[in-house]
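Welcome! Take a moment to look over the sequence and the 3D structure, and then we can walk through them together.

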Amino acid sequence: MKENYIVCNCMQVSYSDIADALHNHNKMEDVMEVFKDVQNVTHCSTGCGGCYQKVLDIISEVLMG
Ligand code: FES
């Protein structure tokens, strides 16, 4: 079963929204660049910023497979 839950409460961005935004990225890329792109696509972490570390962790996790 695919994990899905809200990661960013402010912008209602779920785990799968972030995972989907990562499809065009790979682990050779700079995590911060990938983060910026995910942020542009999903708007996660543009509110209180409280989900920032969670979003980064998910990016690393998904990219590393
Ligand atoms: S929970 Fe993501 S910006 Fe507030």
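This is a predicted model: local features need pLDDT of at least 70, side-chain atom pairs count only at pLDDT 80 or more; totals for chains, interfaces and linings use all residues.

## A word to know first

Is Y5 buried or exposed? Y5 has 7 other C-beta atoms within 10 Å, so this residue is exposed. You will find Y5 in the segment before β1, the strand that covers 6-8.

Which residues does Y5 touch, once its neighbours within four places in sequence are left aside? Y5 is in contact with S14 and Y15. As for L22, Y5 is 17 residues away from L22 in sequence, and their C-alpha atoms are 16 Å apart in space.

## The overall picture

Now let us step back to the whole chain. The protein chain has three helices and two strands. Starting at the N terminus, the order is β-β-α-α-α. The radius of gyration is 11 Å, close to the 11 Å that the globule rule gives for 65 residues, so the chain is as compact as a globular protein of that length.

Its C-alpha atoms fill a box of roughly 30 × 30 × 15 Å along the principal axes. Of the 65 residues, 22% are buried.

Two packed helices are described by the angle between their axes and the distance between the axes. Here, helix α2 (residues 31-42) packs against helix α3 (residues 52-64) at an angle of about 110 degrees, and the axes are 10 Å apart. That angle makes α2 roughly perpendicular to α3. The crossing of α2 past α3 is right-handed.

Which residues make this contact? From α2 come V31, V34, F35 and V38, while α3 brings V55, L56, I59 and S60. Sorted by class, the contact has seven nonpolar residues, one polar residue and no charged ones.

N26 sits in the loop between α1 (15-21) and α2. Is N26 buried or exposed? There are 10 C-beta neighbours inside 10 Å, so N26 counts as exposed.

N26 and S60 are 34 residues apart along the chain, and 9.9 Å separates their C-alpha atoms.

Conventions
Residues are numbered from 1 along each chain as its sequence is written. Helices (H or I, at least four residues) and strands (E, at least two) are DSSP runs, numbered from the N terminus. The radius of gyration is taken over C-alpha atoms; the globule rule is 2.2 Å times the number of residues to the power 0.38. A residue is buried if 20 or more other C-beta atoms lie within 10 Å of its own, exposed if 12 or fewer, and partly exposed in between; C-beta atoms are placed from the backbone. Axes are lines fitted to C-alpha atoms, for helices over the stretch in contact, and angles run from 0 to 180 degrees between N-to-C directions. Angles under 35 degrees count as roughly parallel, over 145 as roughly antiparallel, 65 to 115 as roughly perpendicular and the rest as oblique. A crossing is left-handed if the near helix is turned anticlockwise from the far one by less than a right angle, and right-handed if clockwise. Two residues are in contact if their C-beta atoms, placed from the backbone, lie within 7 Å. Ala, Val, Leu, Ile, Met, Phe, Trp, Tyr, Cys and Pro count as nonpolar, Asp, Glu, Lys and Arg as charged, and the others, Gly among them, as polar.
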